Amino acid sequence: MIASFASQPNIVAYAFIPSGKTDSWIESETTDKLRSFGNVSIVADHDAKASRQFDVATSGHVLVYNDAKLRFSGGITPSRGHEGTCDSGAAFLNSINGESNQRVEWPVFGCAIVSPSEGA
């Protein structure tokens, strides 16, 4: 999808780290791939503090802010563990490229980071 961006956005990827684990716990093919894009910052999210702050409870949840306003919230895959085009992916690209000023929300298909009872 990055090839479809009209300009280079600032991308911040928060990587959940459970209690008792070190920053090295997040190192994977995914974090390596993210770093290869060059314009991505990876932030360690110890004990899901950032996840709670942003009201994110599921891995793979993507947020897009334009002009300091939330424009997209949700998943960008058609289902859990799958890649490919889908309506939410198109809405994500529209929000990244500034083609939509409307806030859109989509379901997220991933693993739970925190439970609803924990405040996310």
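Which residue stands opposite V104 in β5? F72 does, as the second legend below shows for this predicted model.

**View 1. The whole protein chain, with its helices and strands.**
The protein chain contains three helices and five strands. Along the sequence these elements follow the pattern β-α-β-α-β-β-α-β. Of the 120 residues in the protein chain, 30% are buried. Among contacts with a separation of 6 or more, 64% are between residues 24 or more positions apart.

**View 2. The open sheet of β3, β4 and β5.**
Three strands make up this open sheet, in the order β3-β4-β5, and their pairing is mixed. Strand β4, residues 69-74, pairs with β5 in the parallel sense over two bridges. Here F72 stands opposite V104 of β5.

T31 is part of helix α1, which covers residues 29-36. Is T31 buried or exposed? Its relative accessibility is 5%, and buried means under 20%, so T31 counts as buried. Apart from neighbours within four places in sequence, T31 is in contact with I26 and I42.

**View 3. Two distances from T31.**
A polar atom of the T31 side chain lies 2.9 Å from the backbone nitrogen of S28. The C-alpha atoms of T31 and A15 are 8.5 Å apart, and these two residues are separated by 16 residues along the chain.

Methods: Residues are numbered from 1 along each chain as its sequence is written. This is a predicted model: local features need pLDDT of at least 70, side-chain atom pairs count only at pLDDT 80 or more; totals for chains, interfaces and linings use all residues. Side-chain values use heavy atoms; hydrogens and water are left out. Helices (H or I, at least four residues) and strands (E, at least two) are DSSP runs, numbered from the N terminus. Buried means under 20% relative accessible area, exposed over 50%, partly exposed in between (1.4 Å probe, protein chains only). Contact means heavy atoms within 4.5 Å. A polar contact is a pair of N or O atoms within 3.5 Å; within protein, one must be able to donate a hydrogen and the other to accept it, and residues adjacent in sequence count only if both atoms are side-chain atoms. Two strands pair if DSSP finds at least two bridges between them.
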